[in-house]
Amino acid sequence: MRSGIVVALAGVVVIGGCGGKGIGGLFGGEPGGSPPGSSAQNDAGASSMGSSTSSSSGAGSSGSAGGGSSGGSGGGADASTPPTSDGGVATLDAGSPCYSEPYDPSADVSDLAAAYSGDNWLNSSLEVMKRRYPTGYFVLNAEQTDPQLPQFVDASSWPALMSSMMTVLDAETAGWDFDNATASVHPFVIVDTMQISAPILTTWPQGEILQYIADSATQTYDQAELEGEEGTYDAIFLFDDLDSACDGLAAATAVGDQMTSGTSARDGVAAHLYYLELYLHDGRTAHAAEYAAMKADATWQKLVRYEWARGHFWDGQAKPNANLQIAVAPIWANVDAPANRAEIQQFTGEDPDAVACHP
């Protein structure tokens, strides 16, 4: 999870704290210290808690994985079936050509825009998410009492509020994930009816991937998330950053027609897909035993596959809106580099395009 969320508005990069769940606030430890249960404190070295094309009509059935918890539904035109209760393998792309997630970017919100006064930003945000992105509603409804939530909101106007939905969902997804974690498993929100709960394994510091980054395409993210103490955090944090970035991009895509300024939503997701590739490379080449354990674990396999698919799905949905990226092309060039894509194939045993389509 990020102690500093990277946000770009109209080309200006801003770095802020994370959704009221900063390292001190979330874990109850002192700022600057390792989170309780993190690899710096556990004897085992484990972590702290335990582009595909598709229509926006969303998914078919969904299921929980590997002990995943189930959440309430935020509604939406494409209601998913209840998650499986036995850790089954029902997939979100059932009945569709490729992986997709439910959202409705054309749902009417004109009444909310007309009634917006600034002081009703929370109710307005909840209702917009409920109508357009049910997973966003699920997360924001659960995290609405986060005392630091207002710092991620620009309530000055309706377009400004909509533009801040990316940051809100990015931050509060991390908040939900960590709030619902235990000493043995860490959940990741995929959709409102499906969360993947990964067992805590011994993994390796995310900062190690800096040695493989040879250009400045992700420099802002590198500095905020891979350097200093952030760089000492492990796979739970790296994967949670990717998961949160996907929700942020999803929220921005769902309300993109209400925005008038640019955000770095696509940039953030692309950067974290790139980090995923490099993290798997670092594990395979420098942490063979830990990498093998992660690769052999069915839930971690599922998590890698779903996060890869999520990033590609939402990037594909967001592409038509120029306001949802700042400088994403050079980042995607890194993601699409054959050597980097090969890490997804080596970990999953399948072609990366196949994983993106059918996780």
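Tutor: Buried means under 20% relative accessible area, exposed means over 50%, and partly exposed lies in between, with a 1.4 Å probe and protein chains only. By that rule, 58% of the 359 residues of the protein chain count as buried. The model is predicted; local features need pLDDT of at least 70, side-chain atom pairs pLDDT 80 or more, while totals for chains, interfaces and linings use all residues. Residues are numbered from 1 along each chain, and side-chain values use heavy atoms, without hydrogens or water.

The chain has 14 helices and four strands (DSSP runs numbered from the N terminus: H or I of at least four residues, E of at least two). It exposes about 12200 Å² (Shrake-Rupley, 1.4 Å probe), with 52% supplied by carbon and sulfur atoms.

Now helix H8, residues 235-254. Take H9 (residues 265-286) as its partner. The two axes lie 9 Å apart, at an angle of about 155 degrees (lines fitted to C-alpha atoms over the stretch in contact; angles run from 0 to 180 degrees between N-to-C directions). That angle makes H8 roughly antiparallel to H9 (over 145 degrees; under 35 is roughly parallel, 65 to 115 roughly perpendicular, the rest oblique). Their crossing is left-handed (the near helix is turned anticlockwise from the far one by less than a right angle). From H8, the contact (heavy atoms within 4.5 Å) draws on residues including Leu238, Leu242, Ala245 and Leu249. From H9 come Val269, His272, Leu273 and Leu276, among others. By class, this contact holds 14 nonpolar, two polar and two charged residues (Ala, Val, Leu, Ile, Met, Phe, Trp, Tyr, Cys and Pro are nonpolar; Asp, Glu, Lys and Arg charged; the others, Gly among them, polar).

Next comes H11, residues 298-318. Its axis comes within 10 Å of that of H8, and the two cross at roughly 30 degrees. H8 and H11 are therefore roughly parallel. This crossing is left-handed. Ile236, Asp243, Asp247 and Ala250 are among the H8 residues here. They belong to a contact in which H11 supplies residues including Trp300, Leu303, Arg310 and Trp314. The classes are twelve nonpolar, three polar and five charged.

Eight of the ten residues of H4 (residues 134-143) are buried, so H4 is largely enclosed by the rest of the structure. Tyr137, Phe138 and Leu140 are among those buried residues.
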